[in-house]
Amino acid sequence: MSENAQRKIAFVGSECYPFVKTGGLGDVMYALPRALTRQGADVRVIMPYYACIPEKFKSQMKFLGSFMMDLCQDGHTYFVGIMETELDGVTYNFIENREFFDWGNPYTGLWEDIPKYCYFSKAVLAALNFLEWIPDVIHCHDWQAALTPVYLRTRFAPTPVGQAKSVLTIHNLRFQGICSIDHLKYWSGLPDYLFNYPVFKVNDTEANMFKGGLAFADRITTVSATYAEEIQTGFYGEGLDAHLRYHSPKLKGIVNGIDVDIWNSAADSLLAAPYDMFNVIEKKKENKRALQEALGLDVDENKFVIGLVSRLTDQKGLDLVNAIFQQIMDENTQFALLGTGDPRYEGAFRYYESVNKGSVCSYIQYNEGLAHKIYAGSDALLVPSLFEPCGLTQLIAMRYGTVPIVRETGGLKDTVAPYNAEENSGNGFTFDYYEAGLLLKAIQSAKELYFEDRGRWDEMVRRDMDKDVSWEKSASEYMALYEELAE
Ligand code: ADP
């Protein structure tokens with residue numbers, strides 16, 4: 001057993017697959033604790049008990065107890081219930097309160113979300129004391145859990161949990177939990193002296209939960225080395241670049257992995273023809289045909305199928321795609337989009353489908369099963385993001401032998417080596433500046449290799465499948481960080 005066997009780590013975040021997932025955070029909250037458990041850590045994940053958690057999980061949970069907790073400036077108290085379940089060696093604790101978590105979705109708009117996550121961030125610490133399970137490190141994720149490090153060093157400092165260290169991970173700096181100073185003061189119940197510029201204050205009227213958490217956390221991590229650098233600049237810093245430059249000695253980038261058991265093309269029951277790197281070239285054709293049938297595209301294994309699986313927001317580079325869409329579409333190309341989000345992008349992709357019947361399918365939905373089929377049945381996956389802290393879809397694509405076409409930003413830059421014709425190396429096609437012409441050129445280069453040098457294309461497909469995109473290496477880096485903190 002490793003020397004880390006005794007380390008207790010609490011993971012605190014607003015979503016976690018398979019209970020609730022809206023994006024990459026949910027994947028990380030699931031996969032990283034499992035990887036850490038395999039490396040000998042004792043990990044507990046703490047998240048809200050949302051009404052939308054599927055019944056099959058709720059019915060397996062046991063009730064551990066409850067208490068009342070004061071929250072607001074006026075001392076108003078709230079019920080805290082604690083539920084528990086276990087999945088593959090990881091313990092999951094759920095914080096229950098109907099007033100906050102009985103909505104249909106985890107996120108319902110900032111006005112309600114601020115009170116919800118003030119409550120959650122504080123209830124987590126109270127619950128750890130209640131359970132008498134005192135972790136070495138409390139690893140908090142994104143703005144929803146950002147007040148936990150603040151409560152830890154203020155209200156909870158003299159309590160048992162106060163001895164724990166904290167890590168706050170930035171999964172996406174765009175979302176920060178900004179509201180009026182009065183709103184945050186009231187709901188957090190935190191003392192006035194914290195509402196200054198080094199902690200919460202943004203300007204004369206607004207406060208920022210993430211900013212405060214970053215100030216108080218013992219360590220800050222983000223999900224790729226490049227994003228760790230980028231967020232210290234004005235363009236990517238979302239208004240917190242100076243704050244992050246100040247705190248940069250405690251900031252580190254650790255790239256995400258993916259769960260290679262869930263994303264395993266050889267044992268993926270959702271695929272028409274599961275495959276490994278030895279039979280990928282043949283089997284991919286079968287998956288492509290099945291995908292074309294499922295999406296109502298012309299069934300033709302010789303088409304170059306481009307997939308795009310994404311939240312439809314401006315972060316994801318969809319303005320670039322919009323600018324060149326008809327230039328991407330020639331008679332040899334098909335396009336399969338899966339995504340939901342901003343109505344203007346949903347509308348645009350519906351339009352492209354209507355004018356490119358048989359060669360474009362826009363599936364405006366959140367659909368896990370179809371995502372697997374697109375990763376397996378496409379030749380290339382497009383990720384032209386404006387910014388991308390890490391990005392998981394390019395990792396999944398590579399694991400499924402689908403060549404990523406990405407912009408060189410954040411984790412995309414760190415995980416996709418550009419194709420180098422001279423050395424016959426690389427994992428995908430990349431472009432640097434946020435410019436539609438460069439994206440088009442990258443897509444054209446990909447098509448050129450696909451249609452004119454299939455042997456080399458196939459080699460890249462196998463190279464991608466062979467690339468280590470698992471969590472093991474990154475989990476070791478987190479373990480080293482926890483060790484350093486715990487000592
Ligand atoms: P982000 O967290 O910014 O949304 P990531 O690339 O880190 O982006 O993670 C996205 C995750 O969500 C991936 O697992 C991807 O497969 C999944 N995903 C995104 N949109 C959909 C969708 N419409 N249907 C199914 N899965 C989706």
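Before anything else, a note on naming: helices (H or I, at least four residues) and strands (E, at least two) are DSSP runs, numbered from the N terminus. I'm working with a predicted model, where local features need pLDDT of at least 70, side-chain atom pairs count only at pLDDT 80 or more, and totals for chains, interfaces and linings use all residues. Residues are numbered from 1 along each chain as its sequence is written, and side-chain values use heavy atoms, with hydrogens and water left out.

**Entry 1: around H6**

I started at helix H6 (residues 181–188). How many of its residues are buried? I got 6 of the 8, so H6 is largely enclosed by the rest of the structure. Here buried means under 20% relative accessible area, exposed over 50%, and partly exposed in between (1.4 Å probe, protein chains only). The buried ones are Ile-181, His-183, Leu-184, Lys-185, Trp-187 and Ser-188.

**Entry 2: the ligand**

Next I checked what sits around the ligand. I count a residue as near if one of its heavy atoms lies within 4 Å. That gives 20 residues, with Gly-24, Arg-311, Lys-316, Gln-365 and Tyr-375 the closest. By class, I have 7 nonpolar, 8 polar and 5 charged residues in this shell. For the classes, Ala, Val, Leu, Ile, Met, Phe, Trp, Tyr, Cys and Pro are nonpolar, Asp, Glu, Lys and Arg are charged, and the others, Gly among them, are polar.

Then I went after polar contacts, meaning pairs of N or O atoms within 3.5 Å; within protein, one must be able to donate a hydrogen and the other to accept it, and residues adjacent in sequence count only if both atoms are side-chain atoms. A ligand oxygen is 2.8 Å from a side-chain N or O atom of Lys-316. For the side chain of Tyr-375, the distance from a ligand oxygen to an N or O atom is 2.7 Å.

How much of the ligand's own 560 Å² of accessible area does the protein cover? I noted 92% (Shrake-Rupley method, 1.4 Å probe; for residues, only the protein chains shown count as cover). The elements that give two or more residues to the shell are helices H1 (24–38), H13 (368–377) and H14 (393–399), plus strands S12 (304–312) and S13 (333–341).

**Entry 3: Ser-474**

I found Ser-474 in helix H18 (residues 472–486). Is Ser-474 buried or exposed? Ser-474 is buried, because its relative accessible area is 4%. Its side chain reaches the backbone oxygen of Val-255 at 2.6 Å.

Tyr-17 and Pro-18 are joined by a cis peptide bond, with omega about 0°. Pro-18 is in the loop between strand S1 (8–12) and H1.

Asp-88 has a positive phi near 50°, and it isn't a glycine. I placed Asp-88 in the loop between strands S4 (77–87) and S5 (90–96), and it is exposed at 55% relative accessible area.

Asn-424, also a non-glycine residue, has a positive phi near 50°. Asn-424 is in the loop between helix H15 (410–415) and strand S17 (429–431); with a relative accessible area of 18%, Asn-424 is buried.
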